[in-house]
2 protein chains.
Amino acid sequence: MNIQGFLSHLPLFQGLPDEELKALSEIAVDRPVKAGEMIFSDGDRAAGLNIVSAGRVKIFKLSPNGKEQILHIMGPGEPFAEVPVFQGGNYPANAQAIETGRVLFIPRDELLKIIRKNPALALDMLAVLSKRLREFAATIENLSLRGVPERLSAYLLHLSDLAGGAGEFELDIKKGLIANLLGTTGESLSRVLGKMTQSGMIRVGGKKITILDREALADVAAAKQALD
Amino acid sequence: MNIQGFLSHLPLFQGLPDEELKALSEIAVDRPVKAGEMIFSDGDRAAGLNIVSAGRVKIFKLSPNGKEQILHIMGPGEPFAEVPVFQGGNYPANAQAIETGRVLFIPRDELLKIIRKNPALALDMLAVLSKRLREFAATIENLSLRGVPERLSAYLLHLSDLAGGAGEFELDIKKGLIANLLGTTGESLSRVLGKMTQSGMIRVGGKKITILDREALADVAAAKQALD
DNA sequence: CCGTTTTTTTGATCCGGATCAAAGAATTCC
DNA sequence: GGAATTCTTTGATCCGGATCAAAAAAACGG
């Protein structure tokens with residue numbers, strides 16, 4: 001498919017003149033990635049902006065002993081690794097495809113050139129980074145100040161919201177990944193889901209989650225009510 | 001003192017034409033804050049950018065039961081609360097003066113207007129936000145993947161670096177605050193400092209820290225060596 | 001400078017959640 | 001569609017670090 005067409009639909013590039021889009025699309029490279037393939041590693045020298053064009057990508061940190069903390073899971077249309085574009089230096093985390101897909105790459109210099117000429121694009125990028133900062137602040141708050149039950153119930157409520165407030169929805173990724181995203185382990189996640197089921201807040205059937213008592217779940221998320 | 005002069009020395013506003021600086025300084029408000037005074041609270045509607053002009057300010061999150069996680073400690077010349085400038089909405093955390101000082105405030109609309117006209121300023125802001133994202137990513141990594149001894153030794157080595165690599169330096173803030181910045185408690189911090197002293201890595205005299213075995217401390221920071 | 005308040009240290013205990021191990025489900029892939 | 005791999009659950013145990021309590025040390029204010 002056509003790169004320029006793809007770029008023109010991204011929120012990030014709204015309002016960018018066609019000629020700039022064309023310039024971008026001519027230097028952009030859209031490469032296929034296989035599920036499990038590393039896209040870059042923490043500390044690698046960074047040369048530009050990446051955008052998921054198909055599939056999904058996880059951005060994560062690893063501990064010396066192999067524990068993983070996922071920072072983001074990016075889907076089609078989402079840019080990642082913006083930081084080194086504006087700061088130079090190297091990638092601050094690892095990126096790996098969790099599904100077979102494609103990743104588009106735009107070299108740093110070209111992008112900066114176009115940003116310098118288009119203040120609107122600069123403001124869009126500022127908004128993107130601001131959004132990431134808010135998400136990171138929430139993650140820090142979760143890790144430091146909240147327990148696993150709080151984080152998980154908030155996550156489930158969030159998924160429900162994404163599904164239009166539906167009482168029934170599918171987990172978007174496998175449970176082990178959710179655990180690493182929430183800063184816990186698969187085992188703990190499984191146990192907490194079990195407790196939520198026992199206390200009648202949810203029903204779990206494989207990847208399908210049914211919220212039975214949204215009120216109670218919200219109370220757990222807000223630490224107003226303990227599980228168990 | 002003169003606001004325009006102050007602004008003109010900030011890295012953020014380097015290269016901004018005098019006329020723009022003048023415009024900014026005319027709408028900026030520099031107000032005194034007392035030690036312990038709240039500057040804004042999490043969730044407050046945000047109306048502009050803040051910059052510490054004297055003293056120090058802590059940016060932090062609170063848990064329902066009062067535990068505090070410090071996100072940043074900002075000193076003179078450092079901007080804070082940039083996020084809502086580009087995203088709108090409300091402040092994502094609390095800000096409180098930890099020393100008597102002054103805080104300068106620039107209304108959002110004016111700042112945006114000037115950024116739109118000055119791409120260089122936009123790129124500077126992008127670099128500032130990128131730096132914050134790197135710091136947050138490091139904080140998430142610390143909280144999720146590293147223990148208190150790792151975080152504390154890295155923090156001490158960092159302070160030593162700031163002091164030009166000196167083997168002896170002063171803690172810049174009181175120990176309870178360091179604990180909250182590292183995501184732990186005063187008690188735990190005290191115990192870890194005790195162990196580091198026992199094993200001969202450092203000497204502690206009130207706020208004065210002497211690094212006796214930098215090598216060992218670096219190994220603890222990298223989780224290559226356990227304490228105890 | 002002395003009494004008061006705030007910080008820091010030390011000790012004892014407790015708890016959430018990680019880890020280890022193994023069984024049970026669900027996917028994947030010829 | 002059946003064997004193999006990968007995920008998830010469940011059970012038992014362990015450990016880092018929080019919490020509670022109280023003493024000791026510093027910092028502060030009059």
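What follows is a set of questions and answers on a predicted model of two protein chains with DNA strands C and D.

Biologist: What conventions apply to the numbering and to the model?
Modeller: Residues are numbered from 1 along each chain as its sequence is written, while chains are lettered from A and ligands numbered from 1 in the order in which they are written. Side-chain values use heavy atoms, with hydrogens and water left out, and because this is a predicted model, local features need pLDDT of at least 70, side-chain atom pairs count only at pLDDT 80 or more, and totals for chains, interfaces and linings use all residues.

Biologist: How is chain A divided, and how far apart do the C-alpha centres of its domains lie?
Modeller: Chain A is split into domain 1 (3-135) and domain 2 (146-221), with bounds that come from an automatic or database domain assignment. Eight residues of domain 1 and six residues of domain 2 form the contact between them, where contact means heavy atoms within 4.5 Å. The C-alpha centres of the two domains are separated by 29 Å.

Biologist: Which orientation do H4(A) and H5(A) take, parallel or perpendicular?
Modeller: Helix H4 (residues 108-117) and helix H5 (residues 119-145) of chain A have axes 5 Å apart; helices here are DSSP runs of H or I with at least four residues, numbered from the N terminus, and axes are lines fitted to C-alpha atoms over the stretch in contact. The contact is made by Ile114(A), Ile115(A) and Lys117(A) from H4(A) and by Pro119(A), Leu121(A), Ala122(A) and Met125(A) from H5(A). The angle of about 110°, on a scale from 0 to 180 degrees between N-to-C directions, falls in the range of 65 to 115 degrees, and therefore H4(A) is roughly perpendicular to H5(A).

Biologist: Which side chain has an N or O atom 2.5 Å from a phosphate oxygen of DNA strand D?
Modeller: DNA strand D is surrounded by 15 residues, each with a heavy atom within 4 Å of the strand, and sugar and phosphate make up 63% of its atoms that come within 4 Å of the protein. Polar contacts are pairs of N or O atoms within 3.5 Å, and among them a backbone N or O atom of Val148(B) lies 2.8 Å from a phosphate oxygen, while the side chain of Lys174(A) has an N or O atom 3.0 Å from a phosphate oxygen. The side chain at 2.5 Å is that of Ser188(B).

Definitions and conventions: Polar contact = N/O pair within 3.5 Å; in protein donor to acceptor, adjacent residues only side chain to side chain. Helix = DSSP H or I, 4+ residues; strand = E, 2+ residues; numbered from the N terminus. Parallel < 35°, antiparallel > 145°, perpendicular 65-115°, else oblique.
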